[in-house]
Amino acid sequence: MLSPIEFFVIVVLISALSGILGALTGLGGATFLVPIYTLYLNVPIAYASGASLISTIATSSGAASAYIKDRITNVKIGMGLEIATTTGSIAGALTVAYIYAHHLEFIVYIVFGIVLLSQVYVQLAKSKFELPKPIKPDWTTRVFELYGKYYDTVLKREVEYHGVRWWLGEIIMFFAGFISGLLGIGSGALKVLGMDWAMNLPMKVSTTTSNFMIGVTAATGSSIYWIFGYIQPFLAAGTALGVLIGAFIGTKILVRVTNKTIRYIFTIILIFLGIQMILRGLGYGL
């Protein structure tokens, strides 16, 4: 039986690792924390989700500030998409309150696993490309000025890009917000999907802008979690501390690795945790 101090140290260490992975992939550390807490530390999923939402705010604060300084994050695009994610987050948090009240937690496990696994195909399909294939600007590109550029230290050149299909990005962002509120994560996986696949932005822009956005989405959902008593302060404090440390480390690593490397890391973790969560929901997990 772990003492409170030992448990706190373990939480900080796990959270730091999750923060590194979250900063690298744009998922936010919470995507990895909820499965690890519930599968390996036997933390009730309601409390794991609540702590992870708090950690997501820390991840966003730590990683986003560094990415903005490096001028990789597209703040304008991120702010435009936040309208949809915050609306979805409120709907998702209210839905999960009903699920927990009626002891239907297995639904959350299964949905979580499906959400993780659903991202694998897209990542594998695009892993062979360092930068997305150019797509002709559409009317949303011009109206919403979805343009940007950043200096890629790996490619050693300035990368100019433009986004397309803003409307499709907004639709995906609403569902990303809903999943965030439902599962207690920043839902960076769907945010990255919305910007990477739907809007055809470079992976580094997608991940860094996702990190910028997830804090606002998580803050919206966490307020509802707090009202329903799903945030345990001791667990949330250790989680936030660890993730914040990990997020800072992750930002230093991101600028030195290729987009393809990030995708491979992303995919392996998604497969492993996705299968584990589904098995737990079906009663076959650890």
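This is a predicted model: local features need pLDDT of at least 70, side-chain atom pairs count only at pLDDT 80 or more; totals for chains, interfaces and linings use all residues.
Leaving out residues up to four places away in sequence, Y37 touches V11, I14, S15, N42, V43, A48, L235 and T239. Y37 also belongs to the largest nonpolar core, which has 46 residues; together with L183, Y37 touches the most other members. A separate, second core holds 18 residues, including I77, L81, Y150 and Y161.

Is T239 buried or exposed? T239 has a relative accessible area of 0%, and because buried means under 20%, T239 counts as buried. Its contacts, again without residues up to four places away in sequence, are V11, S15, L33, Y37, A51 and S55.

Now select residues 166-183, which form helix α8. This helix has 18 residues and reaches 25 Å from its first C-alpha to its last, close to the 26 Å expected at 1.5 Å a residue. Colour the buried residues of α8: L168, G169, E170, I172, M173, A176, G177, I179, S180, G181, L182 and L183. L183 is the residue named beside Y37 for touching the most other members of the largest nonpolar core.

Finally, step past the end of α8 to G184, where phi is positive, near 75°.

Definitions and conventions. Residues are numbered from 1 along each chain as its sequence is written. Side-chain values use heavy atoms; hydrogens and water are left out. A nonpolar core is a set of buried Ala, Val, Leu, Ile, Met, Phe, Trp, Tyr and Cys residues joined through side-chain atoms within 4.5 Å. Buried means under 20% relative accessible area, exposed over 50%, partly exposed in between (1.4 Å probe, protein chains only). Contact means heavy atoms within 4.5 Å. Helices (H or I, at least four residues) and strands (E, at least two) are DSSP runs, numbered from the N terminus. The expected span of a helix is 1.5 Å times one less than its number of residues.
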